[in-house]
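Hello,

Here is the structure I promised to pass on. My notes on it follow below.

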Amino acid sequence: MISELAFVHPDAKIGNNVTIGPWSYIGPGVEIGDDNIIHSHVVIKGPTVIGKGNRIFQFASVGEDCQDKKYAGEPTRLIIGDNNIIRENVTIHRGTIQDNSETRIGSNNLFMAYVHIAHDCVVGNNVIMANNASIAGHVHVGDWVILGGMTGVHQFVHIGAHAFTAGCSLLLQDVPPFVMAAGQPAIPRGLNSEGLKRRGFSKEAQLAVRRAYKTLYRSSLTVEEATAALADEIATVPEVKQMMDFVACSGRGIIR
């Protein structure tokens with residue numbers, strides 16, 4: 001049901017079984033898939049493509065121009081997947097031509113109130129960003145990441161899958177997969193062991209990742225030396241390979 005008090009631009013494409021509440025604004029270039037619920041006072045601007053089954057709560061701003069001073073109105077877009085929950089006052093901006101001209105959000109994510117996702121970010125699936133968590137431009141967030149409330153993430157930082165940050169953390173460097181981080185600036189605080197258990201990782205994989213963490217963070221080895229020391233497990237344990245491949249490709253360096 002689309003409220004008579006909502007504004008939907010004639011060029012917008014609206015799927016089946018979509019609810020749009022009163023005083024919401026759906027602009028040109030917006031495509032909304034089936035079974036979405038958009039509450040009152042939501043603003044969605046395009047070009048933006050939204051998948052199926054999302055819930056967007058009041059006062060969210062989705063697909064707005066970015067806050068980068070270099071942005072000069074170039075055509076960029078926002079892509080959002082399926083079954084996301086976008087709570088009150090969340091802001092998600094489109095991309096810039098300085099990157100891939102696209103901000104991309106996966107599926108099954110929960111963005112709590114006042115979350116900010118800046119231009120050119122790539123957010124995976126099953127991510128939780130708690131209240132007031134904010135990620136700057138060009139940040140990549142892997143699957144199953146949890147960012148605690150008021151976490152701040154510097155631009156271009158990458159956060160590996162299954163990582164976890166404590167509330168009020170400040171991330172200035174990359175966080176490898178499976179690692180817990182806390183502090184201002186954030187430093188490694190161990191493994192996200194509880195998350196690994198809940199998501200069904202085998203005991204063997206958990207032990208291997210724990211050994212990799214100790215080699216990387218609890219020894220006096222450099223990253224290159226730690227990678228060499230873990231060569232056998234990198235070859236045989238996918239989770240350790242995932243962790244060390246991330247470290248090897250880190251652009252900003254990993255938290256230490």
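Helices (H or I, at least four residues) and strands (E, at least two) are DSSP runs, numbered from the N terminus. By that count the chain has five helices and 27 strands. The radius of gyration, taken over C-alpha atoms, is compared with a globule rule of 2.2 Å times the number of residues to the power 0.38. The chain comes out at 20 Å, close to the 18 Å that the rule gives for 256 residues, so it is as compact as a globular protein of that length. Its C-alpha atoms fill a box of roughly 65 × 40 × 30 Å along the principal axes.

Two notes on the source. This is a predicted model: local features need pLDDT of at least 70, side-chain atom pairs count only at pLDDT 80 or more, and totals for chains, interfaces and linings use all residues. Residues are numbered from 1 along each chain as its sequence is written, and side-chain values use heavy atoms, with hydrogens and water left out.

Now the interior. Buried means under 20% relative accessible area, exposed over 50%, and partly exposed in between (1.4 Å probe, protein chains only). Buried residues make up 49% of the 256. A nonpolar core is a set of buried Ala, Val, Leu, Ile, Met, Phe, Trp, Tyr and Cys residues joined through side-chain atoms within 4.5 Å. The largest one holds 63 residues, and Phe111 and Met129 are among those that touch the most other members. Helix α2 (203–218) is one of the elements that give two or more residues to this core. Its share is the largest, at six residues.

Contact means heavy atoms within 4.5 Å. Leaving aside neighbours within four places in sequence, Phe111 is in contact with residues including Ile85, Arg87, Ile117 and Met129.

Next, the backbone. Most residues other than glycine have a negative phi, and most peptide bonds are trans. Which bonds are cis here? One runs from Gly46 to Pro47, with Pro47 in the loop between β7 (43–44) and β8 (48–50). Another runs from Gln184 to Pro185, and Pro185 sits in the loop between β26 and β27.

Asn126 has a positive phi, near 60 degrees. Cys168 has one near 65 degrees. Cys168 lies in the loop between β24 (164–165) and β25 (170–171) and is partly exposed at 34% relative accessibility. Gly149 touches Cys168, as well as Ala130, Asn131 and Gly167, not counting residues up to four places away in sequence.

Best wishes
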